[in-house]
Amino acid sequence: MRKVDLILEGTKIGEVSLEQLRAMENLPSRLDPAPLIAVLCDLLIEQERKRTVSLLRQYGYFGIGDIQYWHSQDPDDPEPKGLLEWYSAYDDAIWEEIDNLQNKTFEELKDYDPVEVEQKIFEQTKGKLPPMEG
């Protein structure tokens, strides 16, 4: 598991796993949220990557570049077009969430679950997915 640096007034006072951090109580209110934000952003992006790879494989594609290639061959083909539209909406929502993390307090960040958030974003965008052929 990734470690989070605990930084208080510019000085590193420790390093803990995300699980350990979530179990801690009475943390100093002036802890720098930046290291925690970085870990949560990395985890959210990792979840996005896993979801995208898995989903595209279900449709028979190897990645976004593969979809872009097939879309360029036939711009009217609804499957690659629909997958690109879904990915654009999904990726935009992930990055909006990453931007929103910058405004959260350390306590809010401590309880933030990137896996749950990614699942919610997927649920909100999956209606844009084209039907699977076959």
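**Close-up 1. Helix 3 and helix 4 of the predicted model.** The crossing of helix 3 and helix 4 is left-handed, a crossing being called left-handed if the near helix is turned anticlockwise from the far one by less than a right angle, and right-handed if clockwise. By class, this contact of helix 3 with helix 4 has seven nonpolar, two polar and one charged residues, where Ala, Val, Leu, Ile, Met, Phe, Trp, Tyr, Cys and Pro count as nonpolar, Asp, Glu, Lys and Arg as charged, and the others, Gly among them, as polar. The model is predicted, with local features needing pLDDT of at least 70 and side-chain atom pairs counting only at pLDDT 80 or more, while totals for chains, interfaces and linings use all residues. Residues are numbered from 1 along each chain as its sequence is written, and side-chain values use heavy atoms, with hydrogens and water left out. Helix 3 (residues 64–73) packs against helix 4 at an angle of about 135 degrees, with the axes 9 Å apart; the axes are lines fitted to C-alpha atoms, for helices over the stretch in contact, and angles run from 0 to 180 degrees between N-to-C directions. Helix 3 and helix 4 are therefore oblique to each other, since angles under 35 degrees count as roughly parallel, over 145 as roughly antiparallel, 65 to 115 as roughly perpendicular and the rest as oblique. On the helix 3 side I64, I67, Q68, W70 and H71 take part, and they meet P80, K81, L83, L84 and Y87 in helix 4, contact meaning heavy atoms within 4.5 Å.

Close-up 2. L84 is found in helix 4, which covers residues 78–101; helices (H or I, at least four residues) and strands (E, at least two) are DSSP runs, numbered from the N terminus. With a relative accessible area of 21%, L84 is partly exposed, as buried means under 20% relative accessible area, exposed over 50%, and partly exposed in between (1.4 Å probe, protein chains only). Leaving aside neighbours within four places in sequence, L84 touches I64, I67, Q68 and H71. From L84 to T105 the separation is 21 residues in sequence and 34 Å in space, C-alpha to C-alpha.

Close-up 3. From helix 2, L40, L43, L44, Q47, E48 and R51 meet P114, V115, V117, E118, Q119 and F122 in helix 6. Q47, within helix 2 (residues 34–58), counts as buried at 18% relative accessibility. Apart from neighbours within four places in sequence, Q47 is in contact with Y90, V115 and E118.

Close-up 4. E9, in the loop between strand 1 (3–8) and strand 2 (11–17), has a positive phi of about 50 degrees although it is not a glycine, and at 59% relative accessibility E9 counts as exposed. N26, in the loop between helix 1 (18–23) and helix 2, has a positive phi of about 55 degrees, although N26 is not a glycine, and N26 counts as exposed at 77% relative accessibility.
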